There are 2 protein chains.
Amino acid sequence: MVGIQEIASYIPEKRVSNYSRKEKFGISDKFIKEKIGVECVSVKDDSENSSDLCIKAFHNLQKKVSINKDEIEVVIVVTQNPDYNLPHTSALVHGKLDLSENCASFDISLGCSGFVYGLSVIESFMKCNNFTKGLLFTADPYSKIIDPDDKNTTLLFGDAATVTLISDNPIYTTTTYSFGTIGKSHKDLICENNTLHMNGRAISTFARKQVPLSISKLLKKVDLKLNDIDKYLFHQGSRFMVTTLARQLGLDSNKYVYDISKYGNTVSSSIPILLEKQIPQTENKLILASGFGVGLSLANVIIKRVS
Amino acid sequence: MVGIQEIASYIPEKRVSNYSRKEKFGISDKFIKEKIGVECVSVKDDSENSSDLCIKAFHNLQKKVSINKDEIEVVIVVTQNPDYNLPHTSALVHGKLDLSENCASFDISLGCSGFVYGLSVIESFMKCNNFTKGLLFTADPYSKIIDPDDKNTTLLFGDAATVTLISDNPIYTTTTYSFGTIGKSHKDLICENNTLHMNGRAISTFARKQVPLSISKLLKKVDLKLNDIDKYLFHQGSRFMVTTLARQLGLDSNKYVYDISKYGNTVSSSIPILLEKQIPQTENKLILASGFGVGLSLANVIIKRVS
């Protein structure tokens with residue numbers, strides 16, 4: 001059985017403070033702290049591209065676990081901000097890491113639901129091809145496409161990358177997934193003319209309507225109660241979004257995490273950054289992760305601690 | 001067991017003749033017919049985008065097989081020329097086809113190896129999530145990024161899209177795959193500043209060196225001889241490329257197909273266009289498909305006729 005052996009992340013050190021932009025956008029401390037819940041956003045260096053962020057995350061992974069690069073059989077990068085549209089960013093990562101010529105590589109184009117989808121894709125691809133070592137990267141630096149004058153986006157999104165080592169020596173395995181798409185609403189979060197546009201209200205309505213419903217359905221399907229899950233890891237869109245979902249589901253504050261006030265919404269990296277911090281929390285045996293956003297798309301997974 | 005139930009394709013009617021460009025590029029009829037083997041390339045209408053090509057392929061699929069759209073559980077689009085970088089093209093296809101809100105959707109970023117990879121990804125994703133109906137699209141209209149003055153690319157690449165219905169009522173199932181990446185050579189086929197650049201000689205060397213070797217290894221692994229395979233479907237890069245690979249492997253002319261003289265190299269659509277034409281050839285029980293290109297990437301699969 002393959003599953004998650006380890007996770008590492010890279011969040012660039014540079015920050016842009018939202019307090020420094022209060023006057024420009026006519027916003028208050030209360031709005032920053034309580035509504036969006038993002039005090040500053042992480043921003044990559046101009047010289048860094050998506051593949052570079054992946055490599056830095058990989059170097060952080062190597063500090064935690066010994067990796068024989070020749071044993072890596074598949075590399076997947078989840079991104080919608082690739083270095084180039086063609087080739088795929090995973091080929092660049094493959095080259096920079098000097099991986100084996102027998103290693104499979106491809107990118108998945110997804111946004112905030114991308115880590116959950118990516119987990120299912122890499123695990124199933126590995127199982128069916130009898131692979132035992134793979135790397136799942138997430139890297140979607142929205143600073144490449146954000147208009148610094150757009151209040152809807154520039155105050156929220158931060159840059160980051162993560163890498164998840166999938167192996168036959170897992171600490172977590174996944175049990176059940178659920179997925180959803182409302183493609184007709186795809187224009188609510190879109191990059192046109194190299195600039196991100198977000199209809200925040202529409203995305204919020206989508207999340208409030210679909211996410212609690214999909215989680216309830218998933219739990220019912222596997223005959224679990226809300227309280228059987230030890231920790232809920234929601235995609236970290238904003239403080240308002242996360243606390244609203246928790247309230248809708250009726251979750252106690254110890255049952256979920258909000259953690260992005262110092263770096264922002266890192267798209268597909270938001271959930272693995274949270275899950276990395278769960279690894280020392282051995283008492284949490286069942287975790288539910290829920291990603292939602294661009295597409296519009298959603299994906300849930302129940303993750304089980306196995307060692 | 002899920003596998004390929006049906007395949008349909010869409011090749012735009014508009015053609016640009018390479019004979020009309022003989023003078024401009026200083027090329028002969030012999031070069032057109034015997035070397036590149038592409039007499040004209042298919043070109044989509046300016047008003048068509050990648051998702052539109054997918055929809056047209058889907059309409060052609062509906063002419064062959066009755067599809068209950070509510071039963072589709074996953075849609076994957078293989079492309080490196082999406083309508084938008086964000087959202088994924090599969091979300092647009094999902095919306096245009098009015099598919100179920102419970103349908104999973106994501107894109108895979110890969111080039112000429114994309115269909116073979118995509119087959120493995122969609123089959124394994126469906127198996128592990130207990131899905132029984134899925135759609136795998138390929139659509140990579142290079143006319144969006146080709147410089148009409150670049151002889152290396154404009155004479156070769158044509159536009160097309162395909163859709164493969166994966167279901168629990170297959171006529172083909174896949175047996176074994178092999179994959180490979182040489183990420184260090186990714187610059188040999190790259191889109192920079194919205195323009196495709198190809199080092200044809202390097203790509204040709206890569207294919208001649210890696211493809212026959214990888215096919216021989218795959219056959220050896222599953223204890224098959226070259227002649228046990230009824231038909232070899234190579235990615236259709238050019239006539240020279242296909243016949244060179246066949247010669248290297250020592251294949252008789254009835255063992256492989258060359259079929260792109262009237263539309264060109266359609267990237268990830270080239271193999272499914274060939275496989276669609278194999279469906280009536282019930283005598284061909286074992287097919288080996290081999291995709292290679294952008295990345296640099298390669299993927300092989302052995303496909304078995306089961307009904």
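Cys54(B) touches Val77(B), Val93(B), Phe137(B), Ala139(B), Ala161(B) and Val163(B), residues up to four places away in sequence being left out; two residues are in contact if their C-beta atoms, placed from the backbone, lie within 7 Å. This is a predicted model, in which local features need pLDDT of at least 70 and side-chain atom pairs count only at pLDDT 80 or more, while totals for chains, interfaces and linings use all residues. Residues are numbered from 1 along each chain as its sequence is written, and chains are lettered from A in the order in which they are written.

Cys54(B) is also, with Ile76(A), Phe137(A), Ile76(B) and Phe137(B), among the residues that touch the most other members of the largest nonpolar core, which has 197 residues. Such a core is a set of buried Ala, Val, Leu, Ile, Met, Phe, Trp, Tyr and Cys residues joined through C-beta atoms within 7 Å, where buried means that 20 or more other C-beta atoms lie within 10 Å of the residue's own.

Ala160(B) counts as buried because it has 28 C-beta neighbours inside 10 Å, and its place is in the loop between helix 6 (151-154) and strand 7 (161-167) of chain B; helices (H or I, at least four residues) and strands (E, at least two) are DSSP runs, numbered from the N terminus.

The contact between the chains takes 47 residues from each of chain A and chain B. On the side of chain B that touches chain A, the residues divide by class as follows.

| Class | Count |
|---|---|
| Nonpolar | 22 residues |
| Polar | 19 residues |

Conventions:
Nonpolar A, V, L, I, M, F, W, Y, C, P; charged D, E, K, R; others polar. Buried ≥ 20, exposed ≤ 12 C-beta atoms within 10 Å, placed from the backbone.
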